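Okay, everyone, thanks for coming.

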Amino acid sequence: MTRLGYDRYREEVARQLGLFRETLTGADLTVTVPTCPEWTLGRLARHTGGAVRWVEAHVRTRADKHVPESDVPDFEGPGDDDPAGLDAWLAETAERMDATLRGASGETAVWTWAGEQTAGFWARRMTHEVAVHRADAAIAAGVEYEVAPEVAADAIDEWLEIVQYVQRTNLADNAAELRGGGRSIHLHAMDAGAALNAEWVVELAEEGVVWRRGHEKADVALRGPLTEVLLAFYRRRGLDSGRVEVLGDRELLDFWLERASFG
């Protein structure tokens, strides 16, 4: 398992924000986002841009503790009735974030909510934060969504690491149920090249979730194109969408998706 590297994550945050802006072009910002039904498309965009601005403030100031959202410049962004203003705000967000990440390194010490207290953690986290919310936007706008295979695979790696961290630190009660019995889940991207090794085995061991890359028999398998496996695993697309295939113990996969839904 190899992470993409700090410079790639820095570039990817800007790229994903650019693609996010393209997804919003001409879209109705007042439409409800099916995957986040409490939000409009405009609210989703402001949430995503605000998250990036919040992280940018931490990295820029080399924060050693949580920075309140109220201290982040222009955190909220414009409303749904100002698509041009929202686009300009997202463009400025990308520029600020890229400049700040260029002024840091992957090892730069910065507060995070996780065990890894570095700017590198945030560059990776924002890559996938924006990439997945771009999927939410694409679904709401009714346009196709694609993401680079290595980014999609790393997003799955990162989410599994987050599940382990949340479970290990008791940050969410539902994560405690993801243990015991040795039950296993196999994620299999059918369209990825062998070099990417886009297959995962996830075990619910007594000590907690353990996982590894590889092809092994499991109690349930989720198979399909890598992008669709990612979206199903992140609960952005239903298991009955026709874009993925579930083989074996469907209830186990449902059990995982329900309890790994924090974040």
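**A quick tour, starting at a loop**

Let's begin with Arg235, which sits in the loop between α6 (226–233) and β7 (245–248). Before I go further: this is a predicted model, so please hear everything with that in mind. Arg235 has a positive phi, near 60°, and it isn't a glycine. With a relative accessible area of 45%, Arg235 counts as partly exposed.

There's another case like that. Asp74 isn't a glycine either, and its phi is positive at about 50°. You'll find Asp74 in the loop between α2 (41–61) and α3 (83–102). Its relative accessibility is 45%, so Asp74 goes down as partly exposed.

How many residues of α6 are buried? Eight of its eight, so call α6 mostly covered, since buried here means under 20% relative accessible area. Among them are Leu226, Glu228, Leu231 and Phe233. As for what does the covering, α4, α5, β3, β4, β6 and α7 (250–259) are included.

Let's pick β3 out of that group. Strand β3 covers residues 183–189, and six of those seven are buried, so the rest of the structure largely encloses it. Which way do its partners run? With β4 (residues 199–205) the pairing is antiparallel, through six bridges, and Ile185 stands opposite Val202 there. With β6 (residues 220–224) the pairing is parallel, over five bridges, and there His186 faces Ala221.

Now, charges. In general, side chains of opposite charge can pair when their charged atoms come close. The salt-bridge count for this model is 29. One of them joins Arg125 and Glu158, at 2.8 Å from N to O. Arg125 is in helix α4 and Glu158 in helix α5, 33 residues apart, so to speak a link between distant parts of the chain. Are those two buried or exposed? Arg125 is buried, at 9% relative accessibility, and Glu158 is buried as well, at 3%.

Asp157 has 0% relative accessibility and counts as buried, whereas Arg213 is partly exposed at 21%.

For a pair of neighbours, take Glu258 and Arg259, with 3.2 Å between the closest N and O atoms of their salt bridge. Glu258 is partly exposed at 47%, while Arg259 is buried at 18%.

There's also a salt-bridge network, made up of Arg3, Glu116, Arg124, Asp154 and Glu161. Of its 13 lining residues, the closest to the centre are Arg3, Ala114, Glu116, Phe121 and Glu161. Both α4 and α5 give two or more residues to that lining, and α5 supplies the largest share, six residues. By class, the lining has five nonpolar, two polar and six charged residues.

Last stop: Gly142, in the loop between α4 (119–141) and α5 (149–168). Gly142 is exposed, at 64% relative accessibility. Its C-alpha lies 39 Å from that of Glu107, 35 residues away along the chain.

Methods
Residues numbered from 1 in each chain as written. Predicted model: local features only at pLDDT ≥ 70, side-chain atom pairs only at ≥ 80, totals over all residues. Heavy atoms only, no water. Helix = DSSP H or I, 4+ residues; strand = E, 2+ residues; numbered from the N terminus. Buried < 20%, exposed > 50% of the residue type's maximum accessible area, 1.4 Å probe, protein only. 1 Å grid on protein atoms, 1.4 Å probe; cavity = no way out; pocket = protein on both sides within 12 Å on 5 of 7 lines; lining within 4 Å. Nonpolar A, V, L, I, M, F, W, Y, C, P; charged D, E, K, R; others polar. Pairing = 2+ DSSP bridges. Contact = heavy atoms within 4.5 Å. Salt bridge = Lys/Arg side-chain N within 4 Å of Asp/Glu carboxyl O.
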